[in-house]
Amino acid sequence: MYSAAEFAQKLAEVAQTSPIIGQLLINRGVETLEQAQAFLEPESQVLPSPVEEFPDLALSVELLNTAIAHDKKIAICGDYDADGMTSTALLLRSLRWLGANVDYAIPSRMHEGYGINQRIVEEFKREGVELILTVDNGISAIDAIAKARELELTVIITDHHDIPQQLPPANAILNPKLIPESSPYRGLAGVGVAYILAVSLAQKLGQIAGLVKPLLELFTLGTIADLAPLTGVNRRWVKRGLRLLPQSQLAGVQALIQVAGVQSNTNSTSVNAKSLKPDDIGFRLGPRINAVGRIADPQIVIDLLTTDDMGTALERAMQCEQINQHRQQLCEQIEQEAIAYIEQNQIDLLQERVLVVVQADWHHGVIGIVASRLVERYGVPVFIGTYEDEHHIRGSARGIPEFHVFAALDFCQDLLGKFGGHKAAGGFSLPAENLTALRSRLREFAHQCLQIEHLKPLIKIDAQVHLSQIDRQLYKQLDALHPCGIDNPNPLFWSANVEVIEQRIVGKGHIKLKLAQNENTQRFQISAIAWRKARDYFPLPPRIDIAYCLRENTWNGNTTIELELVGVRLPTQPAKRESQPVKEVAASGEVSSLEHRRNFAEFYYNQRRYICGIFASSSTAELRIKNDQGQILAIIQGDSTGFLGTKRENAQQVDITRSHFHQLVIAAYTALNQLPK
């Protein structure tokens, strides 16, 4: 048996890479050399036939084949997010390619909400539709599907959301949640189910040639934008699709890449030449598609992804760009209003363990994005809503790993109207009169599954790295782990006691930095960016521990490797003029006046005067901050909690990772680091 370090070295030798890469493979569950090969070369895996995995796939193909052969009208009912719209476009393209009489409808986000409904079913019937095909929805639409069957319509459901207690009475259901968890198809998004159905049908009809590549592009676009896990077939097919996208055969994708300004690097010497990374999709193309479904007409995206005319494609891509800019403005406004509400009401998240925020006049098309940002900021599950009218609320939910959103909604089903989703996210509606009861019920559910240590979880680091180890060769070797995303995260590293030698705010609240770290007589410098952190963290102290991933930055034709910061903390190895800290120590004794310490500093935070200092012995180091009312915050260096009070015996334990305390501590260390050495 190898030790972890020996196995990492062995993996590195086999893969001919740095031992850092070997450690990253171990962190992703690789336990054997065979598993390492399968991870690094996903095409080497032998996949089971989808027909063997999905019980209703053969029946679905036969129903569609019969409908096409008899020229029956087929209608697709899609969804208005990126997954639903790419799924709709994928099936429209494939069914038209195969000669089907096909049209589509997407419910109005503003007026109807998620999923197929009875109005759409009745409208399809009036239009002569004989077969309904849902994409990315339908698994919970019992009443609507029952209505369709009552009207003698054939229904095929393709969906990937969690399975309700009762299945709808469809003729066939394709959902990866209905197949074994061990299946490589288990993590498919809605667009992945649509892709399997389309390819299987085309193979049945002998018309597969020329169809797979454009469908694979749409699969890739939808899978990444929907944050589906990049494991199993998703990893294998997305890896293929990313190689196709820069030279896309689809006019709409070409136009979107052009308008979004994504570098395909086809003429560069970049290590990623001729390939796009998931981040290029998820953070550049995906939001432009998603924005349309959130606040505008999804038909814009369907036209974009189904047209073969470049003029039409560019026109639709420009519409997506303008709508996305408006979406960004709405998100910023709602996020700031939500933060102000939370701070003003001094919500105790350690006690609540879930955050429920509902306000009037918010655009419900974008509150899901704001929910994700609040999860990132506060580290708890977030349920955010807005009033449709004075009697009804519509909302979105986002979770943390230990919290199952759909299960939480199901726990509250008697208080809700419609709801749906999966482990990480969901949507819901409810009568306004049930809001107080919903808060209480969600709190009860959260206390059943969340412990204090689950809140504001620590960042999961892959390896400690010195800045001297970061170079283009390491960055190139990291390509073996791509595509990265959900369940295959981008490698995260950390470096200790890094010096901040430059910092400034750029763009919309980002911090641009230059960092340095010494090794022996050499000094290593590197640039870094901290996205959307200026409001809470600027200016950063002179010395920090950092968590980050690596990224390429191309500017004026020059490409460099820089850090993308995802976490910052005060150093666990303080400057030498301070005594050495320990990781754990019990605070004792009464706090004395800081003014009598030689190593103290005065500073102002939020227009209030403070005195701070480091109190050290041979084995402990404690930061103490005193306000103008005599209250003292005492923190042992390296701890995430402190004690606040006028005397030790009446001090209360507080979480210093909360925004107010965190910023106060940073301000204190900044003041201390400005003292003469």
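Modeller: Start with S8 and strand S10 (residues 425-431): they pair antiparallel over seven bridges. Strands are DSSP E runs of at least two residues, numbered from the N terminus, and two strands pair if DSSP finds at least two bridges between them. This is a predicted model, where local features need pLDDT of at least 70, side-chain atom pairs count only at pLDDT 80 or more, and totals for chains, interfaces and linings use all residues. Residues are numbered from 1 along each chain as its sequence is written, and side-chain values use heavy atoms, with hydrogens and water left out.

Colleague: What is the bridge partner of His392 in S10?

Modeller: Pro431.

Colleague: And how many bridges join S7 to S8?

Modeller: Seven, and S7 (residues 382-389) runs antiparallel to S8. The two form a hairpin with two residues between them. Val382 stands opposite Arg398 of S8.

Colleague: How many residues of S8 are buried?

Modeller: Six of the seven in S8 (residues 392-398). Buried means under 20% relative accessible area, with a 1.4 Å probe and protein chains only.

Colleague: New topic. Where does Val193 lie?

Modeller: In helix H9, residues 190-204. A helix is a DSSP run of H or I, at least four residues.

Colleague: Why does Val193 count as buried?

Modeller: Because its relative accessibility is 2%.

Colleague: What is Val193 in contact with, leaving aside neighbours within four places in sequence?

Modeller: Thr158, Asp159, Leu174, Pro176 and Leu188. Contact means heavy atoms within 4.5 Å. Also, the C-alpha atoms of Val193 and Asn175 are 7.2 Å apart, with 18 residues separating the two along the chain.

Note on methods: Buried < 20%, exposed > 50% of the residue type's maximum accessible area, 1.4 Å probe, protein only.
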